[in-house]
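Good morning, and thank you for coming.

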Amino acid sequence: MPTLLELTSQGDVGTITDESKLPTIELMGPEQLYQLWERQNWQSHAIDFTQDKLDWAGLDEELRQSLAWNLSSFFIGEERVTTQFSGLVMAYESQSEEAFLTTQQVDEARHAQHFNRFYEQVLGMDGTFEDRLAQARNDLNPAFIEMFDGVLVDSGQRLIENPRDIEAKVDFVVLYHMIIEGTLALTGQWFLTEYMERRGILPGWVEGFKLISKDEHRHVAYGTWFLREKARDSALRQRMIERLAELIPMASGVLVPPGADPQNYEILDYSMEETNSFAFNALGRRLKVIGIDMASLAAAAA
Ligand SMILES: [Fe+2]
Ligand SMILES: [Fe+2]
């Protein structure tokens, strides 16, 4: 069972004022998160990939392929979450929320820029940004396509059609901030960064990924704040539970490398149990802060 201290060390929840009462955790709201964005700004084009090029050339082919699958999921993922975010910006409910959401969209564009530079300079893929995205798409699995080209696009479209639709906004944040960012992206980032640092390879990529991870924690903090506000309404809280019950099996599928046994696979040298428990424990901690217990989630999934 994670401690409350571990929960704060995730970096996307605020100060705990009373350890015996989870609902008293003070979350950062959009205004504070916007100010944090100003302090944490960085430049993807300033990252030096000289050593990464040498490291990549020295890796064996099997490892390169395994890394390519992981990296492609992030490259395409960052492109998708940039272009499919506009509906949420339109759905702002205060000036501070509008300010924060615009920063999140530009963050996602910066993350895609980082991967585009890496694919061009380190993997040596010539052509245009679009050519590199098309090439990276060959590595994706069907669950990824269903989530990022299907559910995410549909959810964004519902918000664009009616930005005042609060149910559509809740659905979007559950998918985007809780599942895609909080469960999948932060897990992949943690394991990949740990792997590269342990092996002492790809320093430019690691530098960028750590900065991306800091941005993602800020994004997930917004999602946690927003959903906790809306979960005060029991009908919306129930809606969140139902969406999560639908999306969690799909998220498990996104983590499976192409062609691998979904019940028994490894990502780099980490077991399925390690990556799954990291992903879903992190989700469980955030849901607790929002006011959703795992028992009601299990009941909805049954
Ligand atoms: Fe991102
Ligand atoms: Fe993000």
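Predicted model: local features only at pLDDT ≥ 70, side-chain atom pairs only at ≥ 80, totals over all residues.

Residues are numbered from 1 along each chain as its sequence is written, and chains are lettered from A and ligands numbered from 1 in the order in which they are written.

The protein chain has 13 helices and two strands; these are DSSP runs numbered from the N terminus, helices being H or I of at least four residues and strands E of at least two. Its C-alpha trace spans about 55 × 40 × 35 Å along the principal axes.

Of the 302 residues, 37% are buried, that is, with 20 or more other C-beta atoms within 10 Å of their own, these atoms being placed from the backbone.

Which residues touch the most other members of the largest nonpolar core? They are Val174 and Met240, in a core of 67 residues. Such a core is a set of buried Ala, Val, Leu, Ile, Met, Phe, Trp, Tyr and Cys residues joined through C-beta atoms within 7 Å. Helix 9 gives the largest share, 14 residues.

Finally, the axes of helix 6 (residues 95–121) and helix 7 (residues 129–137) come within 10 Å and cross at roughly 85°; helix 6 is therefore roughly perpendicular to helix 7, a term covering 65 to 115 degrees. Axes here are lines fitted to C-alpha atoms over the stretch in contact, with angles running from 0 to 180 degrees between N-to-C directions.

Note on methods
Parallel < 35°, antiparallel > 145°, perpendicular 65-115°, else oblique. Buried ≥ 20, exposed ≤ 12 C-beta atoms within 10 Å, placed from the backbone.
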